[in-house]
Amino acid sequence: ATVKSYAAVDLGASSGRVMVGRVGPDSLELAEAHRFPNRPVRVPEGLRWDVLGLYAGVLDGLKAAGAHCGGRLDSVGIDSWAVDYGLLDEDGALLGNPVHYRDSRTEGVADKVWATVPAAELYAATGLQYAPFNTLYQLTAARSTAQLARARRLLLMPDLLTYWLTGEQGTELTNASTTQLIDPRTRDWAYGLASRLGIDLNLFAPLRRPGDPSGLLRAGVLEETGLAGPVPVTAVGSHDTASAVAAVPASGERFAYICTGTWSLAGLELDAPVLTEESRAANFTNELGLDGTVRYLRNIMGLWLLQECVRAWGDPDLGALLLEASRAPALRSVVDAGDAAFLAPGRMPERIAEACRLSGQPVPESPAEVTRCILDSLALAHRTAVQDAQRLAGHAVDVVHVVGGGTRNALLCQLTADACGLPVVAGPTEAAALGNVLVQARAHGLAGDLAGMRRLLVNTQPLTRYEPRGGTERWHSAQARLAGH
Ligand code: ADP
Ligand code: LRH
C-alpha cells in the first residue's frame, strides 16, 4: 500500500518542531526532524516573537524532514499558538515583529471594547471566553499606532509563515475563531460586530478551511531546503489546539480532553456552541474545530507556571524535581490556575507564594513544594473545568484524554485522574503534529472522517492509562477552599 510523507510544522509557545508523519491506510508513524526553542524577546516597546528565528527554524526543519524521506514530501502543514499576528504593508512586507500575547499592551483595553459592545453581547456573538489577548483586544490596543495605520493585511502566525513559504495569503478558520471576530454559528466573520467596533475585516485575507490548498513551496524555499518540487502546503487546523483535539484518541463521544503544554485547554468536543450567560460567567470558550465541531473549553495557565519557576530557579533537572514533588505533601496549598494574574512572565515562585499567603494557606518554600503546589493546582483546575463543561453543555463523559507535552509528566496525569475521579488516557505527546499530519493525509485522499482518524490513532499510538486512586473528597474540599476566596 502507498505510504505518504507529510511534514507538520508545530509551533508552541515554548518550542517549535518539524515532524514527519508517514501515513498509510492502516499505519501512522511520527518522527521528529527538528526542534528549536521559541524564545520571546523583550525590546523597549514590549514583548515580541522572534518570527524570523522561527521561520529559519521552519526552513531548517523542512530540510531535515526532506532528508528523512529522500527529499520528497507529499505536503506540508503549519499550526501554531493562537491569536497573534503579523501586519504587512502595501508591498506585502512585514511591519515589525509580531507582538507576544503576554505583552502588557492589552491591560485595561477590554473596558473600552465593552463600552461599545457589552461583554454579554460580545459573548453571544462570538462565544469566546474573555482573555485580554484575544486578537480583538490586541487590535483595539493597537488602534492609534503608526504600524496599524500603515498595515494593509493582517496574517495570523501560521498564515504568515505559510505566506512566506508559498506567496499565498489566507486566514485559516480554526485559528480565526480565536480572534473573537468569528460567529461560531455561521463559521464566518461576525460582520456586524466588527463594524460596530471599527475593525476593518478587509485587513484579513479570505478564509480557508482545514484541508484547503494553500499554494506550493516557492522555488527559493525548494532550493534552500533541498526538497524536490512541487510540494503543496495544505491548510490544517492551524490553531495548535484544534490540531491537538483532532488527534485525541477517543473511541466514542463521552470524553473530555485536556491539551497540556504551556497552557492547559480543558473541555469537550461539541457539535454546536454553548452561548448562554452561565457559560460566559464560567469563562468557557467556543473555538472552532474540524468538520463542524466546536471546541468548548477553558484556558488554564498550564505548565507555564512550572516553566517560569524552573527558569527562575536556573533550570534544574525536571525529572529530579518532579520526583521530589511526588514525595511532597499533597494538596497543602492550591492557587487558582485559571487566574489571569499569572499571565505575565517573571517572579513566578514569588507570585505563587503570594497567592497562597493571601488565601491563608501554608506558603510553599522549596522548589519541590512549589512544584507540588503547581501540579495540585493544575489537577484541581482540570477537575473544575471537566465538571463545569459537562454541566454547562449537558454532555457527560466517562474518560479524560490528556494530550501534549504534559503527558510526559506522570505525576500531573495521575493527579488529574485523582482530581477528576475518572480514568485518564495519556497520549499522544505530539498530538498537535499528529492532527496536522492527519488533516493533510485526508486532504490527499488517505484517511477518513474524524472518527476514522481517531481509530488510526488508537491502533497506532502508545497510550498510558491512569486510574483514579480515590479520595475525591479531598479535591472537593480544596475546590471549596479556593472558591471561598
Ligand atoms: P508548547 O507546545 O505549548 O510549547 P509542549 O506541549 O511542548 O508545550 O509542552 C511543554 C511542557 O511539557 C514543558 O513545559 C514541560 O513541563 C513538559 N515536559 C516536557 N518534557 C518533559 C519531561 N521529560 N518530563 C516532564 N515534563 C516534560
Ligand atoms: C496553546 C494556545 C491556546 C491559546 C494560547 C494563546 O498553544 O494556542 O489554545 O489560547 O495558545
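Modeller: The protein contains 19 helices and 21 strands, in a model that is predicted. A compact globule of 485 residues would have a radius of gyration near 23 Å, and the value of 22 Å for the protein agrees with this. The C-alpha trace spans about 60 × 55 × 45 Å along its principal axes. Of the 485 residues, 51% are buried. If one takes the contacts between residues at least 6 apart in sequence, 75% of them join residues at least 24 apart.

The helix in question is α19, which comprises residues 472-483.

Which residues of α19 are buried? They are Trp475, Ala478 and Leu482. These residues cover an arc of only 60° around the axis, and therefore they lie on the same side of α19. The general principle is that an α-helix has 3.6 residues a turn, so residues three or four places apart point the same way. On the face of α19 turned away from the buried side, one finds the exposed residues Glu473, Ser477, Ala480 and Ala483. To count as buried, a residue must have 20 or more other C-beta atoms within 10 Å of its own, whereas an exposed residue has 12 or fewer.

The partners of the buried side can also be named. The buried residues of α19 pack against α15, residues 367-393, and against α16, residues 410-420.

Strand β17 runs antiparallel to β18, residues 294-300, and four bridges join the two. Within this pair, Glu287 stands opposite Arg295 of β18. The two strands form a hairpin with five residues between them, and Asp291 in the turn has a positive phi of about 50°.

Finally, a record may be set beside the model. An unreviewed UniProt entry annotates residues 47-245 as "domain: Carbohydrate kinase FGGY N-terminal". Over residues 47-245 the chain is 40% helix and 16% strand, with end C-alpha atoms 29 Å apart.

How values were computed. Residues are numbered from 1 along each chain as its sequence is written. Chains are lettered from A and ligands numbered from 1 in the order in which they are written. This is a predicted model: local features need pLDDT of at least 70, side-chain atom pairs count only at pLDDT 80 or more; totals for chains, interfaces and linings use all residues. The radius of gyration is taken over C-alpha atoms; the globule rule is 2.2 Å times the number of residues to the power 0.38. Two residues are in contact if their C-beta atoms, placed from the backbone, lie within 7 Å. The expected span of a helix is 1.5 Å times one less than its number of residues. The arc is that of the directions from the helix axis to the C-beta atoms. UniProt positions are given in the numbering used here, feature names are shortened, and annotations may be inferred rather than shown by experiment. Two strands pair if DSSP finds at least two bridges between them.
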